[in-house]
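The overall fold follows at the end.

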Amino acid sequence: MDPVFLDWLTLLLRFLHVITAIAWIGASLYFIWLDLSLQTPDADKLERGLGGELWAIHGGGIYEVGKYKLAPPAMPATLHWFKWEAYSTWLTGTALLIVYFYLRADVALVKIDGPLVSPSLTIVASIAYLLAGLAIYEAFVRSPLRANATAQLLGLVVLLAGASATAFELFSARAAILHVGALLATIMAANVFLGIIPSQKALVAAIEAGTPPPAERAINAKLRSTHNNYLTLPVLLCMLSNHTPLLFGHPHAWLLVVALSLTAVLARHFFNAKHRGKTQPLILVISALLFIAIAWAASQTNSTVVAPSAPVEISEIQSIVTTHCGVCHAEQPSQPGFAAPPGGYLFRTPADITAQAALVKTSLESRYMPLGNLTGMTDAERAALIQWSDITP
Ligand code: HEC
């Protein structure tokens with residue numbers, strides 16, 4: 001496909017994906033807050049079967065929300081469901097995965113020196129990765145372990161660690177961090193599709209038939225919903241971090257993803273407890289301090305590239321830049337599949353490198369650039385260019 005059109009298509013899908021994700025996560029955060037903030041209603045409402053009430057002001061008015069302990073006496077004419085926010089986020093995300101990573105699997109998906117060399121094999125691995133991850137999760141959430149909160153937490157951490165280590169083994173670093181996010185988000189969408197919505201349908205059917213609602217289903221839906229609550233922030237971390245070569249290009253990226261996700265889970269826990277009326281600022285402080293500590297530790301081992309012993313001639317820098325950057329980062333890239341300078345960055349001369357020294361250094365140290373090392377840059381050339389970006393102010 002025409003690379004320029006492909007870029008436009010990516011823009012459209014990214015736009016739709018972010019909009020739908022905001023609708024999904026926004027509604028999810030709102031309902032978590034709502035549910036945990038409910039207060040005991042007055043006697044009149046209790047008598048009508050309400051278990052909780054909440055008053056809020058937003059926009060132009062004051063809202064009164066009530067939650068039934070079990071069910072209203074009769075179903076209302078209009079009942080709002082929340083599922084298409086989740087489904088459309090997953091669908092646009094999958095379309096983006098195909099357009100961005102599968103249609104240019106050779107540069108975007110394949111890991112250099114990885115176990116899978118062929119682009120089509122890597123695409124198959126990507127699909128298998130998502131399906132297998134989901135299957136493992138489904139087995140876990142239906143297993144007897146579901147009754148034990150500690151086992152749930154440990155299980156999810158092991159799942160995340162396994163998913164992260166596998167992704168960074170199989171796919172290019174940028175694709176890897178996205179696959180971790182995509183797997184967690186697929187699990188979340190499946191929780192809506194396979195657990196939460198069926199349970200809600202059973203509840204509505206039971207109310208209409210005048211029979212007691214199926215308790216087992218509701219318990220399972222509650223568990224899946226709690227998992228979604230805690231997975232939200234790790235997913236956002238992975239999705240946003242594909243703009244951060246510092247993280248996904250790090251030699252220990254898979255471990256950093258797990259560690260930083262746990263700080264995000266702690267932060268989520270703080271807010272859950274706060275909505276319930278138990279504010280424990282220490283949890284949030286620990287979460288922030290842990291994030292900073294991990295970031296500090298990570299910054300100590302940025303790169304596996306060894307610095308050259310002597311300064312390198314500017315003519316040699318020019319030749320490295322021309323061969324390894326200029327093929328893509330030029331007004332008219334000569335690299336097939338590129339129609340414009342990627343990211344809008346021009347790197348044709350040593351001065352261009354100087355102008356973006358910090359950004360260039362990160363992208364080189366993390367081995368994110370040259371993309372897919374398509375130009376076959378050697379470690380010595382990499383080290384020379386890093387040194388150049390270091391000595392220039
Ligand atoms: C095969 C093509 C290709 C080559 C060769 C290449 N790049 Fe890139 N570069 C890209 C693409 C594509 C992007 C945008 C990626 C993205 O959206 O994250 C990019 C983005 C960047 C960015 C911005 C990263 C960011 O975080 O926003 C920097 C800096 C960069 N390249 C530096 C370099 C340097 C320095 C070289 C030479 C050593 C180089 N690139 C070689 C394709 C290339």
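By class, the shell around the ligand holds 18 nonpolar, five polar and one charged residues; Ala, Val, Leu, Ile, Met, Phe, Trp, Tyr, Cys and Pro count as nonpolar, Asp, Glu, Lys and Arg as charged, and the others, Gly among them, as polar. The model is predicted: local features need pLDDT of at least 70, side-chain atom pairs count only at pLDDT 80 or more, and totals for chains, interfaces and linings use all residues. Residues are numbered from 1 along each chain as its sequence is written, and side-chain values use heavy atoms, with hydrogens and water left out.

**Ligand shell**

The ligand is surrounded by 24 residues, of which C325, C328, H329, Y368 and M369 are the closest; a residue is near a molecule if one of its heavy atoms lies within 4 Å of it. Helix α14 gives the largest share of this shell, four residues. Helices (H or I, at least four residues) and strands (E, at least two) are DSSP runs, numbered from the N terminus.

| Residue | Ligand atom | Distance |
|---|---|---|
| R174 | oxygen | 3.5 Å |
| H329 | nitrogen | 2.8 Å |
| Y368 | oxygen | 2.7 Å |

**Iron site**

H329 (NE2) and M369 (SD) coordinate the iron atom of the ligand at 2.0 to 2.2 Å. Donors are N, O and S atoms within 2.8 Å of the metal (3.2 Å for Na, K and Ca); water is not among the atoms, so sites may look incomplete. The six donor atoms around the iron atom subtend angles of 87 to 178°, and the arrangement is therefore octahedral: six donors count as such if opposite donors are over 155 degrees apart and all others between 65 and 115. The pair links distant parts of the chain, 40 residues apart: H329 sits in the loop between α12 (314-324) and α13 (350-355), and M369 in the loop between α14 (357-365) and α15 (379-391). H329 has a relative accessible area of 10% and is buried (under 20%; exposed is over 50%, partly exposed in between, with a 1.4 Å probe and protein chains only).

**Hairpin and overall fold**

The chain has 15 helices and two strands. Strands β1 (residues 50-58) and β2 (residues 61-68) run antiparallel and are joined by eight bridges; two strands pair if DSSP finds at least two bridges between them. L50 has Y68 in β2 as its bridge partner. The two strands form a hairpin with two residues between them, and G59 in the turn has a positive phi of about 55°.

Of the 393 residues of the chain, 42% count as buried. Its C-alpha atoms fill a box of roughly 85 × 50 × 45 Å, taken along the principal axes.

Definitions and conventions. Four donors count as tetrahedral if all angles lie between 85 and 135 degrees; four count as square planar and six as octahedral if opposite donors are over 155 degrees apart and all others between 65 and 115; anything else is irregular. A polar contact is a pair of N or O atoms within 3.5 Å; within protein, one must be able to donate a hydrogen and the other to accept it, and residues adjacent in sequence count only if both atoms are side-chain atoms.
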